[in-house]
Amino acid sequence: MKPKYAGTSFMAAFSVGAVLFSAHAGGGFATGNQANTYYVGLGWAGVVSAVLAMLLLTLTMKEAMIMYNSRGLKGHRELFETLYHPFDKLFWLFEIFFYIMVLMAVAAAISGAASALTTYFGLEYAIGVAAVGALVLVLTIFGAGIVRAASTYMGIAILITAITIYAVGIFNSESTIFEVLKQDMQTSGFANMPQAIVNAFTYAGFQCVTLPTMAACGTILNDKKSCSRSMTISFVINTVALVLSVFMLLCWQGTYTAVEGGTTIPTLTVCNVMGIDGLTVIYGICLLLCLISTGVTTIFGFVARFERLPMFRGIKSAPVRSAIVSAFIIVLSMSISMIGLSNIIKYGYGYCGYLGIAVVVIPFLTVGAYKNRKYMKAHGESFGVNMEAAETVSSEAAREVLTGIDRKTYLAR
């Protein structure tokens, strides 16, 4: 007999899969910079690399959600302690990766928005960085609620306009995508495949910064099948969007690389070259708002963690504490953003990706998968935990009674 909470509807699985898609379709994806940096230069092998990256990412998230939900864990610290047990303290490796990667994400958001301002209004890049940084600080302190509330709609808008540009760009290029891929296959053969595999792991690695969010959102998935279904859906929609962007940029690579600064926001460059003024304006506005929203919402996570440090206890005003922490993070991110969006994504994201491979991807796909299979064999594939009730329980001891396991049991496998 299945537990009361076993099984999850298709719409619930779809909604969780869409969360990963929304997180992936951020500033780096929307600008086209990530696709250009990690895939386009590899030719046809880059398409394979993009598909492999999405496969690695969704498989990693699936194992993480299975581990999180099956044991009734609360928070990513418990998740990584369970993964790394008996070396529980290794969870700090993920903490280091997470903080560095979030700083890179904020820096990329500020840099991308500044680049957009430079393109549209002719501002100096440094002035654009300062303006965006100041705006993000103000919104973080006073108006973040409005920006966060609108972020979902801005994300949908940027996704629709970006995919429209991809489709129009593919059909309006001088050479068809099939001709481009065929020519590259004849020229390079399989020479780029080793780098394509490395890039796939790297890309999946730095995208794993979204894992805590996915674990929290995935608590409505109450059996292994639901977790698999959710990530299968996410794999399809993420892969379609990413591959379309790679196809379009492959068709126009010779054009946007010939334009000064064209590789910073290649999607916008291609749109300008095609001369679709209305779509260019809509895309530019959505991109700018999406990047600013990403910066604000990401910084809020930092503020929530750091404003509780002992050094800030003497400051009674919550807005003042938030302002101090936000200002510190924004100034640091602005400093990083001065190296430019392309360098942030190539080097900042790249090195974080290497750390993500070692800390998240490989551990979950090996040790995590083994522990999950062993746990499922012993307890069944239906988790049987009332996650809604679990989320309302603040006491760890009460949660352990609720889930029917003690700390040693869930850490042991």
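**A walk through a helical chain**

Of the 413 residues of the protein chain, 53% count as buried; buried means under 20% relative accessible area, exposed means over 50%, and partly exposed lies in between, with a 1.4 Å probe and protein chains only. This is a predicted model, in which local features need pLDDT of at least 70 and side-chain atom pairs count only at pLDDT 80 or more, while totals for chains, interfaces and linings use all residues. Residues are numbered from 1 along each chain as its sequence is written, and side-chain values use heavy atoms, with hydrogens and water left out.

The confidence of the prediction comes next. pLDDT is the predictor's confidence in each residue, from 0 to 100. The protein chain has an average pLDDT of 82, and 87% of the residues score at least 70. Over residues 1-7 the pLDDT stays under 50, and the model has twelve contacts beyond four places in sequence for them; contact means heavy atoms within 4.5 Å. Residues 385-413 also have a pLDDT below 50, and this stretch has 48 contacts in the model beyond near neighbours in sequence.

The chain contains 18 helices and zero strands. Helices (H or I, at least four residues) and strands (E, at least two) are DSSP runs, numbered from the N terminus. Among contacts in the protein chain with a separation of 6 or more, 82% are between residues 24 or more positions apart.

Which residues touch the most other members of the largest nonpolar core? They are Leu-79, Phe-80, Tyr-349, Val-360 and Phe-364, in a core of 115 residues. Helix α6 (residues 91-121) supplies the largest share of this core, 17 residues. A second, separate core has five residues, including Leu-42, Ala-45, Met-193 and Ala-196. A nonpolar core is a set of buried Ala, Val, Leu, Ile, Met, Phe, Trp, Tyr and Cys residues joined through side-chain atoms within 4.5 Å. In soluble globular proteins, nonpolar side chains tend to be buried together.

Leaving aside neighbours within four places in sequence, Val-360 is in contact with Thr-60, Phe-80, Phe-94, Phe-97, Cys-208 and Leu-211. Cys-208 counts as buried because its relative accessible area is 0%. Another cysteine, Cys-217, is partly exposed, with 32% relative accessibility. A disulfide is a pair of cysteine sulfur atoms within 2.5 Å, and by this rule the model has zero disulfides.

Helix α9 (residues 193-207) has 15 residues. From its first C-alpha to its last, α9 reaches 21 Å, close to the 21 Å expected at 1.5 Å a residue; the expected span is 1.5 Å times one less than the number of residues. Among the buried residues of α9 are Met-193, Ala-196, Asn-199, Tyr-203 and Phe-206. The buried residues of α9 pack against α1 (10-24), α3 (33-38), α4 (44-70), α6, α11 (224-256) and α15 (341-379).

Ser-70 lies in helix α4. Is Ser-70 buried or exposed? Ser-70 counts as buried because its relative accessibility is 5%. The side chain of Ser-70 reaches the backbone oxygen of Met-67 at 3.5 Å and makes a polar contact with the side chain of Arg-71 at 2.8 Å. A polar contact is a pair of N or O atoms within 3.5 Å; within protein, one must be able to donate a hydrogen and the other to accept it, and residues adjacent in sequence count only if both atoms are side-chain atoms. Beyond four places in sequence, Ser-70 is in contact with Tyr-375, Met-376 and Phe-383.

Ile-160 is exposed, at 52% relative accessibility, whereas Thr-161 is buried, at 8%. Leaving aside neighbours within four places in sequence, Thr-161 is in contact with Leu-279, Ile-282 and Tyr-283. Ile-160 and Tyr-283, 123 residues apart in sequence, are 9.3 Å apart in space, C-alpha to C-alpha.

Leu-244 in helix α11 is partly exposed, with a relative accessible area of 24%. Beyond four places in sequence, Leu-244 is in contact with Ile-163, Tyr-166 and Ile-170.

The bond from His-85 to Pro-86 is cis, with omega near 15°, and Pro-86 is in the loop between α5 (76-84) and α6.
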